Amino acid sequence: MNKPAIDQRTVRALARLTFGNAASLVYLGAVAAAAVFVTVDTLLVSHEDASFAGVWLFLLAAPTVFLFLLGGSLAGAESFGPAWFMYLALTVSVLVQSLALGWFVRLVRGGAPRSRTVRAREA
C-alpha cells in the first residue's frame, strides 16, 4: 500500500512550528491586528483619496508576498492579478514566514525536541 507523501506526524510538526511558539504567535497576532485595522479603515472610514492602510499588511508579509506576486505576474496575471490571488498570496506568505520563525526558534534553542520515548529510557 502506498504511504502518503505527508503523514500525520509531519503535519503536526509543521503546525507546531507555525503556531506553537511565542515568536510565531506574536507575528501572527501583529498580522491579525493589521488585518483588522485595514478592514476597519476600508469599511468604516471615509477618505477623500486612497488610504495606505493596506501597506502595513504587505510590509508584514514581505518579502515572500512579493515573490508570490512576482510569480503571478510572470504567469500572466496583470499587475497584482485577481483579488483572490492577492489574498491567497498574503495568507500563504504569512504562514510561510510564521513557519520560518518557528524553525528559527527551534534552531536557536538547540535543534529538534527529543521524543518522549527517549526521555522515558533515560529516566
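Trp84 is exposed in this predicted model, since its relative accessible area is 57%, where exposed means over 50%, buried under 20% and partly exposed in between (1.4 Å probe, protein chains only). Local features need pLDDT of at least 70, side-chain atom pairs count only at pLDDT 80 or more, and totals for chains, interfaces and linings use all residues. Residues are numbered from 1 along each chain as its sequence is written, and side-chain values use heavy atoms, with hydrogens and water left out.

**Aromatic pairs**

- Rings of Phe, Tyr and Trp (its six-membered ring) pair if their centres lie within 6.5 Å, and planes under 30 degrees apart count as stacked, over 60 as edge-to-face and the rest as tilted; by this rule there are two aromatic pairs.
- Phe58 and Phe66 are stacked because their ring centres are 6.4 Å apart and their planes lie at 25°.
- Within this pair, Phe58 is buried at 17% relative accessibility, whereas Phe66 is partly exposed at 43%.
- Trp84 and Phe85 form an edge-to-face pair, with 6.0 Å from centre to centre and 90° between the planes.

**Helix packing**

- The axes (lines fitted to C-alpha atoms over the stretch in contact, with angles from 0 to 180 degrees between N-to-C directions) of helix α3 (residues 54-61) and helix α5 (residues 83-109) come within 9 Å and cross at roughly 40°; helices are DSSP runs (H or I, at least four residues), numbered from the N terminus.
- Leu57, Phe58, Leu60 and Ala61 of α3 meet Met86, Leu90, Ser93, Val94 and Gln97 of α5, contact being heavy atoms within 4.5 Å.

How values were computed: Helices (H or I, at least four residues) and strands (E, at least two) are DSSP runs, numbered from the N terminus.
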